[in-house]
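Subject: Structure for you to look at

Hello,

Here is the structure I said I would pass on. Please open it first, then read the notes below.

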Amino acid sequence: MSLNTGQSLTVSGQDLTKNGSSSRAPWEDARTVLKPSTPTRKPKPPKPENAITIAVSARVLFTMEKEQQIYEQQGMEDYIKYQVEHETEPFSPGPAFSFVKALEAVNTQLRELYPESEELFDVVLMTNNHANVGLRLINTINHHQLFIERFCMTGGNSPIGYLKAYHANLYLSADPIKVREALEEGIAAATMFTPEKIMEVSETQLRVAFDGDAVLFSDESERIYKAHGLDKFFEHEKAHENKPLDHGPLKCFLEALGKLQKKFYAKGQRMDCPIRTYLVTARSAASSGTRALKTLRSWGLEIDEALFLAGAPKGPMLEKIRPHIFFDDQMFHVEGAAEMGTVACHVPYGIAQRVTKRGIWDKDTSSAPK
Amino acid sequence: MVSTVQNTDVKQKESDHAVVVAVASRAVFEPEAQGGDNVYAEGVAFPLLQALQKVNERLLEENSAESLLFDIVLITTDSQQQQQSSHLISSTKHYGLEVSRFCFSTEEDFIESLLQNNVQLFLSTDRNEVSQTSQKGVLSALLDEYTTSCPSEQLRVLFCRDAVIRPDTNPTPASRQAAQSFSAQLGKMRQRFGMSDSPLSIALMTSCGGRDSCGGALRTLRSLGISVDEAYCLAGSPRGPILSVLRPHFVLSDCFSGLED
């Protein structure tokens, strides 16, 4: 059915003249008639300045192991060829998948409570893949019924400028080099790893777990620990209990989550809030933990559960919490968590990066499509 | 009155296969600001010209007998520049620009000049010129504030669906045809290079539409033989910040109208 061929209709400078295309979402053309194959009315994506933008790379949203192998062993041309040949085969979910699904679940609940508000999560696919892979990615998003309407496929160029253009509140990628670049530009970012086994997570409540030092807080205290040992660390923290720590790279993301949480509280949903946050730290409750809590309080931020492990491994605790995502600055903890099934992300920030001997991020993956 | 002067410093292109691109000389040079020796200063389209040249250079590197090249023509559209034609020619030679010929005309007959020279793409900073030209069936694009900060080492062309730059005009069937034919040639040029390190990058942007709209556009371009390097689906987010990172030399939007899936 064709509509209005050749007639021009301008709305604030944008031309809506087009033959009705049923594959376009309703807000694109008010006169579009939806085909039966698109029965659901897609909600309109929020304006970037109002939303909490989460940028994810293709390799963390989906599993592209086979394709990655082809790229590494046979090169770009074969990789693209393979992708195009398998264009109608959707990728399977990657480590960020359940996190993104949980974000959408929160959005659904927010829309119910605040139908006019644009304070929502907005997921942007940010990949430096070539646009030839675009159709396969779009087909996959459709197949899994994800609400991703925005993407940047930079064809090999750096995504950093686009992250800034979108005011990305968080960037998740499999490429540690891009993650570092993003952190250097002041964007909260982390390298996501695939867990060794699948852990069931909630489909209705988003759970985000953070390490404290060098993630929510700066690495200032960690430096003391690394330089002078545990006793000195305890002494220092006790002495400075009332002095707030400086903020770390993920503080703003926690803040953004807190803002959404308050919207649920305002509607009486404090006890069963669809967003729950956790602090999982090696600090101990008796001593060094106090400074952490007081710092959060001074920032006006709340965290739902604070778990002070006093140096115990984080894996088992995370298995109990079952977060959709866990951020830590130390690969030792990231690996420990991944072993037990938690989707763990490394925040390559602070003193821990220089001291540790493990060079996982030295592998040159900068040119690989993500 | 229209007159054409060949640039004797530059080898003329084979007219059957070359892609003729006409650029308004006002965009290439700043006629007001003159350097020494009556040479004009560089204008906003300077990086664009260098990028077009770069593509030609690399095409010839791949195949020294290549005939699918950009054939660059400088066109003056006002009588003032026409009077300074010798400065135009000497400035072009001074910078070693690969301009094959110069067309001198007036506001009234410059379109005639474009048609005579078999111009497949006309680029100008003047909105009216671009609009008029498009109405007459010659593909044209506006050079704007992004053009000046574009790279000179890579030609970046953006196909933009659903964000018409000139809301007051409708693409005519002739201009749509011109758009498709130019785009197909661009696609062929792109095929001469590999996936990475190409001197030509083709990008697609869907401004208001979501992913299915973008998917449709990718298919449309593919059907025209155009392999897109970069794709940006904005779904309503502001274009400006994205464009300033993307930095296309110019934007084409006429390909899509009437080609809906």
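How many residue pairs are in polar contact between domain 1 of chain A and domain 2 of chain A? The count is four, with both residues at pLDDT 80 or more; a polar contact is a pair of N or O atoms within 3.5 Å, where one must be able to donate a hydrogen and the other to accept it, and residues adjacent in sequence count only if both atoms are side-chain atoms.

This is a predicted model, in which local features need pLDDT of at least 70, side-chain atom pairs count only at pLDDT 80 or more, and totals for chains, interfaces and linings use all residues. Residues are numbered from 1 along each chain as its sequence is written, chains are lettered from A and ligands numbered from 1 in the order in which they are written, and side-chain values use heavy atoms, without hydrogens and water.

Domain 1 covers 52-192 of chain A and domain 2 covers 206-354; the bounds come from an automatic or database domain assignment. Their C-alpha centres lie 25 Å apart. To the contact (heavy atoms within 4.5 Å), domain 1 of chain A gives 26 residues and domain 2 of chain A gives 27.

Together the two domains bury about 2200 Å², with 76% of it on carbon and sulfur atoms. Buried area is the accessible area (1.4 Å probe) lost by two parts on being put together, summed over both.

The rule finds two salt bridges across this interface, each a side-chain nitrogen of Lys or Arg within 4 Å of a carboxyl oxygen of Asp or Glu. The side chains of A:Glu119 and A:Lys259 form a salt bridge at 3.9 Å, N to O.

Regards
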